[in-house]
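Trainee: I'm new to this one. Could you walk me through how to read it?

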Amino acid sequence: PPASQNNEQGSTLRDLLTTTAGKLRLGSTDAGIAFAPVYSTGTASGKSGRTMPNILDDIIASVVENKIPPNRAPKINVKSEIKDEPKDDKNCIQDDCSKRYSDIQYSWICDKHVLWLRDHKNSNNWKLFKECWKQGRPVLVSGMHKKMNFSLWKAESISLDFGNQQADILNCKDSIISNTNVKEFWDGFEDVSKRQKVKNGETALLKLKDWPSGEDFKAMMPARYEDLLKSLPLPEYCSPEGKLNLASHLPGFFVRPDLGPRLCSAYGVAATKDHDIGTTNLHIEVSDVVNILVYVGIAKGNGVLSKSGVLKKLEEEDLDDLLRKRLKDSSELPGALWHIYAGKDADKIREFLQKIAKEQGLEVLPEHDPIRDQSWYVNKKLRQRLFEEYGVKTCTVIQFLGDAIILPAGALHQV
């Protein structure tokens, strides 16, 4: 409706936010739930009554400046507000961005599904990021390591400072977890001869799982914590104090997810005979995630692929031309291989994995969810079948040293 109509109807998003904020009744508990409920008043059969609490209203209202009385909401010309907004159309973004954001260095990769921001220092990056992010697409920002104190993140430095700590170490091939001294993990990080061996004599593929995490990270590694925070990409969104970081502005009565940071460290598959396994199986995160590759170790020892061998393996992947070009750049150091899927494909992928499990004679229990249980690494052969049988295309991204990969909540990924 035109802006001249009743603002209570929310003629624009801004009107909706301000009027909703005016209705917020913080601290109300009469709904018997752990939120401060917002009730909308209305008339039914000529009688005034209250509807059920609107949790979405509650979240929005508690984040908005709620000191604006609803009857003082500004009159807005709807046409003037809308005319400069780009359409939420995939092609419109790509066609229009070169004109609107000519001061930003960026490219589209993975069949134009992923935005690559190539200059981490550009203070206008967030404007283009916003257009991509509202469509639920992943974003890659390169060069973050140039802002960091690299010496803090070397394997030998972490081992020297924290080698006496105990932590859970996961054997990625058979999913066996053991609690052990982390020095043992770090000693073998770049020296294959010092790595654990499994029963058949093969080198174990180990992962130091989420150590340390959250408040433990800040308390145990204050210097590294500060170095990470000052180096985050798109601080408007990613910094704990970011003005567009919704989680940071939720009121205290919300139970927040674990927002980290977490240190995820793993051996590469280059020293293993089986290259069809991953260090992180296919899964979904409940919140948006930014993952920065702060260090890439170069493994040495018998059975390890040479650098050219690793590059050859990566080139066998279904890669974007720009990623192939980065592989040939001697100044770039590849460290992780990601496969990413849109959240809308989750049901198809779940059905496909249950089908494969039955083909392999595995028991598929009703309560079994292959994505929630993180029980699958989808290898190249299965990725091809997923595309041919279900039409689900894999987005393959190589993460180089210093790359930040930002994923929206609900996106499926494996590493």
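**Reading the fold**

Mentor: Of the 415 residues in the protein chain, 44% count as buried, meaning under 20% relative accessible area with a 1.4 Å probe, protein chains only (exposed is over 50%, partly exposed in between). This is a predicted model, where local features need pLDDT of at least 70, side-chain atom pairs count only at pLDDT 80 or more, and totals for chains, interfaces and linings use all residues. Residues are numbered from 1 along each chain as its sequence is written, and side-chain values use heavy atoms, leaving out hydrogens and water.

Trainee: How many helices and strands are there in the protein chain?

Mentor: Those are DSSP runs numbered from the N terminus: helices are H or I with at least four residues, strands are E with at least two. Here you get 15 helices and 15 strands.

Trainee: How do I read a sheet?

Mentor: Strands of a sheet pair through backbone hydrogen bonds, parallel or antiparallel. Pairing takes at least two DSSP bridges between two strands. Strand 10 pairs with strand 15 (residues 412–414) over 2 bridges, and I284 has L412 as its bridge partner in strand 15.

Trainee: Which residues of helix 12 are buried?

Mentor: In an α-helix there are 3.6 residues a turn, so residues three or four places apart point the same way. Helix 12 (residues 307–315) buries G309, L311 and L314. Their cover includes helix 13 (321–327), strand 12 (334–341) and strand 13, judged by contact, meaning heavy atoms within 4.5 Å.
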